[in-house]
Amino acid sequence: MNGPHVVVVGGGITGLTAAYRLLRSRPDVAVTLVEAAPRLGGKIVTEHVDGFAVEGGPDSLVTFKPQAVALARELGLEPRLLPAARATAGTYLSVGGRLRPMPDGMAGLVPTRLRSLVTTPLLSPWAKLRMAAEPVVPVRRSAGDESLGSFVTRRLGRGFHDALAEPLAGGIFGADTRDLSLLATMPHLAAAERQHGSLTRFVRSQRGRAPQGSGVVAPEGGLGELVEVLASALTGADVRTSTQVTWVEPAAVGYEVGLDHGGPLAADAVLLAVPAAVVARTAAALSPELGELLAGFRQGSTVTVTLGFARGDLPGRLPGHGYLVPAREGRAARACTWSSVKFPGRAPRGRALLRVSLGGSGRADTSVLGDEELVGLALEELRATLAVTAEPVLVRVHRWEGVMPQYTLGHVDRVARTEELLSGHDGVVLAGSAFHGAGIADCVASGERAAARALAALGSGQPRGVRRPAASR
């Protein structure tokens, strides 16, 4: 090994992106990617079964955050990127067993098309009057963090929060808005209040401006294509799956990375693209305070149950791309997506594919339920909402336990403090959804930034780590 060596811990989309950028930027850098699971991709998993394309985790890339789409294009996937079907675009809410359309322009949680809020039956007359008073609501003077729920209620009223903001935030983050950090989840809202004094004035200031994109796209064969192409582009990297990193410690020069099997790796830089709990366990030797601080990073759980049906067993028209379920409905489901409507080709001819998301704040603890019980809850949801009584022709359950980041109050400060504690260890870099955003675009951006930071450390001319004898084991 002639050039510097970087160990990337974590083979999800963040770690894969970071490894790819390292290799593309510095061909002389040796890269070892270590992943505890037997496969790469993390929460991106696409299964092809009997003509169905089943997404176990995320199902699309947003276009208003361009990093992931740009990476897919760079990898040659642009001809295979399909937009979600426009003819049936839109999201619905399931309220009292009925599907009601969400007002237009709610993607960023700010109602950008104010006129649609006047006619929506989802808001009471009082809630609409309270929203109309938003321009006279005083600006919060404190620069500190605030919960997302507090912000929305303070500016737009509890009626708007409970009817619209809560189900939207729950669908995105799977957490209670009262716990979510505004600065970590929706910083653009804080910026809009600070700069314009009112969300209403902010929306009006944007009129006539060209949109930056608000749609979603996905590869024709599912998001698994992005993982496959990205992994195949890691030419020359040492990729090790089914391998756990057990510790990261300073060595005489650089770092030593312990593995659960095989000898330790000597590294000039270490890029940690794993959940906060894994960072705490493996990097405790770098700072006594690190483990305690990382314990404050909460991780939630969720489940997706994907069901295939004969098309004739479903209602004639499935409106929009699916629906969200407000927590106050008291149901186990958080959302349901018409997968084969959103992206045609996800089901064979004469079939349909639906995906029910279970778990999250205010809902049943999915970790204590077996697969049959979870499927039963999903079918119960479809019976109540769509009157579906037929048995599915395909069933797939994907559990995501303890891996969904919960950006609670103070998250931004905790990340800053974590990175400050690691700043004395030049070449140890954090990345991934635990710290810098849960979406695929956020993870891609985080991986690219982490690769740049690792390369900057390699080029600093300073020895990495703390110069002391390596720990004996």
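Start with Ser-147. Leaving aside residues up to four places away in sequence, Ser-147 touches Thr-177, Arg-178, Leu-180, Leu-182 and Leu-409; contact means heavy atoms within 4.5 Å. The loop that holds Ser-147 runs between α4 (125-132) and α5 (148-156). Helices here are DSSP runs of H or I with at least four residues, strands are runs of E with at least two, and both are numbered from the N terminus. Ser-147 is buried, at a relative accessible area of 9%. Buried means under 20%, exposed over 50%, and partly exposed in between, using a 1.4 Å probe and protein chains only. Now show the side chain of Ser-147: it reaches the backbone nitrogen of Ser-150 at 2.9 Å.

A word on the ground rules. This is a predicted model, in which local features need pLDDT of at least 70 and side-chain atom pairs count only at pLDDT 80 or more, while totals for chains, interfaces and linings use all residues. Residues are numbered from 1 along each chain as its sequence is written, and side-chain values use heavy atoms, with hydrogens and water left out.

Next, select helix α2 (residues 67-74) and helix α17 (residues 440-458). Their axes come within 7 Å and cross at roughly 70 degrees. That makes α2 roughly perpendicular to α17, a label for angles of 65 to 115 degrees. Axes are lines fitted to C-alpha atoms, for helices over the stretch in contact, and angles run from 0 to 180 degrees between N-to-C directions. From α2, Gln-67, Ala-68 and Leu-71 make the contact; from α17, Ile-440, Ala-441, Val-444 and Ala-445 do.

Move to helix α10 (residues 224-232). Its buried residues are Gly-224, Glu-225, Leu-226, Val-227 and Leu-230. They pack against α1 (13-25), β3 (46-49), α2 and β9 (216-219).

Pick His-48: its bridge partner in β4 is Ala-53. The pair forms a hairpin with two residues between the strands, and Asp-50 in the turn has a positive phi of about 50 degrees.

Last stop: the open sheet of three strands, ordered β11-β12-β13 with antiparallel pairing. β11 (245-250) and β13 (265-267) are at the edges with a single partner strand each, so one side of each has no neighbour in the sheet. Finish on Val-257, whose bridge partner in β13 is Leu-265.

Terms used. Parallel < 35°, antiparallel > 145°, perpendicular 65-115°, else oblique. Pairing = 2+ DSSP bridges. Polar contact = N/O pair within 3.5 Å; in protein donor to acceptor, adjacent residues only side chain to side chain.
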